[in-house]
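Subject: Structure for you to look at

Hi,

Here is the structure I promised to pass on. Please open it alongside this email, and my notes on what I found follow below.

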Amino acid sequence: MNMTTERTRPAGLAAIDREMARQHADALASYEAAAPMAEKAAASLEKTGRLLLLGMGGSHAVHRAVEPLYRALGIDAVALPLSEQLGQPLPIDGRTIFVTSQSGESAEVLRWFEETGGMQETFGLTLEATSFLANTAPSLVGVGGTELAFAATRSLTVTFALHLAILAALGEDPAAALAVLRTPEDHDIAAALAALENVATVVTSGRRLQGVAEALALGLIELSRRPCFSLEGGQLRHGPMEMLGPEIGLVLFRGLDETAGLVTAMAVSAVETGAPVILFDASGQAPVVGAVTIRFTAATGLAAIFAMLPVAQRLMIAFADARVENAGTPVRSTKITRSE
């Protein structure tokens, strides 16, 4: 019996659907609107050559995804959870600091500015123009206002667009990434969803695209309320492969970069364990036998991220919808985390 035709879409997922429907348009508008502040952020990076990316939750996952992109430009970029910086701080003198908070109101953001007073070279990235963060630091503000749905979808895409503006100001060619936002690739997720039908949990992994894997794992946890987690590809090799088997789904991200072969090797090894393997693939390489491969136009960096992320989000939502009665409505947390 097909349940999906008989039950009403949970309110929480309907709210996510609304966010996702406008994420490409909002991201393009954000890229354009952020250009003047992006120039200032880029000038700061050109002066310091060092970047500390601070945020929580989905914001930290975005930072993990863009960390290698800044490093590729010769910038000493490190992404840390803001909570870690508060408790065991890296020295901040001489660094450009990006503090990201989609609401601009997270408890850690308020405390960090309270304790440090902010720094000369601090920039905010937020979706809320009237927020504490936007009022306290020069900020790149995403278009479309605060994300209302629980799990991050549009806020991730829009924040990536703000980073695209900064990277473009640093001299990167944004054309490929913008083309993906203008003409998103649509892919059927039915085979991937079916492959994950009987798993107890999902592990996500990547190499250069590890930040996207981390964003997906967070969303899976928030929506399905299952312990889904993310391990960078090398870390997955060093012991945790013991957990793989038919009850553990593995979602891998492979782009057109020098780490693609390592992701391929992991996919081959994982298939041998009997684990269902889903491969989001923008590498242009051959599919992996035994894995469900979702193939995208060959791409790297933000072009690969913009292509894969919305499709991965659809898989995440469908996975949760199949398991949770009221998916998308938080029962133990809130959209804006105001307590530490």
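Let me begin with strand β9, residues 277–281, in this predicted model. β9 is mostly covered, and five of its five residues are buried. In a regular strand, side chains alternate between the two faces of the sheet. That makes it worth looking at each side of β9 in turn: V277, L279 and D281 are on one side, I278 and F280 are on the other, and all are buried.

What does β9 pair with? One partner is strand β8 (residues 248–254), which runs parallel to β9 over five bridges. In this pairing, R254 stands opposite D281 of β9. To get from β8 to β9, the chain passes through helix α13 (residues 260–272), in a β-α-β crossover that is right-handed. Strand β10 (residues 292–295) also pairs with β9 in the parallel sense, over four bridges. There you will find L279 opposite T293 in β10.

Next, have a look at strand β3, residues 96–100. This strand is mostly covered too, with five of its five residues buried. On one side of β3 are T96, F98 and T100, on the other I97 and V99, and all are buried.

For the neighbours of β3, start with strand β1 (residues 50–55), which runs parallel to β3 and is joined to it by five bridges. L51 is the residue opposite T96 of β3. Strand β4 (residues 122–126) is parallel to β3 as well, with four bridges joining the two, and here F98 stands opposite F123 in β4. The chain goes from β3 to β4 by way of helix α6 (residues 107–116), and this β-α-β crossover is right-handed.

How big is the largest pocket, by volume? It comes to about 600 Å³. Its lining is made up of 27 residues, and those that lie nearest the centre are M56, G57, G58, E222 and K335. The elements that contribute two or more residues to this lining are α4 (58–72), α6, α8 (154–169) and α11 (210–224). Of the elements, α11 gives the largest share, four residues. By residue type, the lining of the largest pocket splits into nine nonpolar, 14 polar and four charged.

Happy to talk it through whenever you like.

Best wishes

Terms used
Residues are numbered from 1 along each chain as its sequence is written. This is a predicted model: local features need pLDDT of at least 70, side-chain atom pairs count only at pLDDT 80 or more; totals for chains, interfaces and linings use all residues. Side-chain values use heavy atoms; hydrogens and water are left out. Buried means under 20% relative accessible area, exposed over 50%, partly exposed in between (1.4 Å probe, protein chains only). Two strands pair if DSSP finds at least two bridges between them. A crossover is right-handed if, with the strands pointing away from the viewer, the path from the first strand over the helix to the second runs clockwise. On a 1 Å grid over the protein atoms alone, a cavity is a set of points where a 1.4 Å probe fits but cannot get out, and a pocket is an open set with protein on both sides within 12 Å along at least five of seven lines; lining residues have an atom within 4 Å of a point. Grid points are joined across faces, edges and corners, and a volume is the space filled by probe spheres set on the points. Ala, Val, Leu, Ile, Met, Phe, Trp, Tyr, Cys and Pro count as nonpolar, Asp, Glu, Lys and Arg as charged, and the others, Gly among them, as polar.
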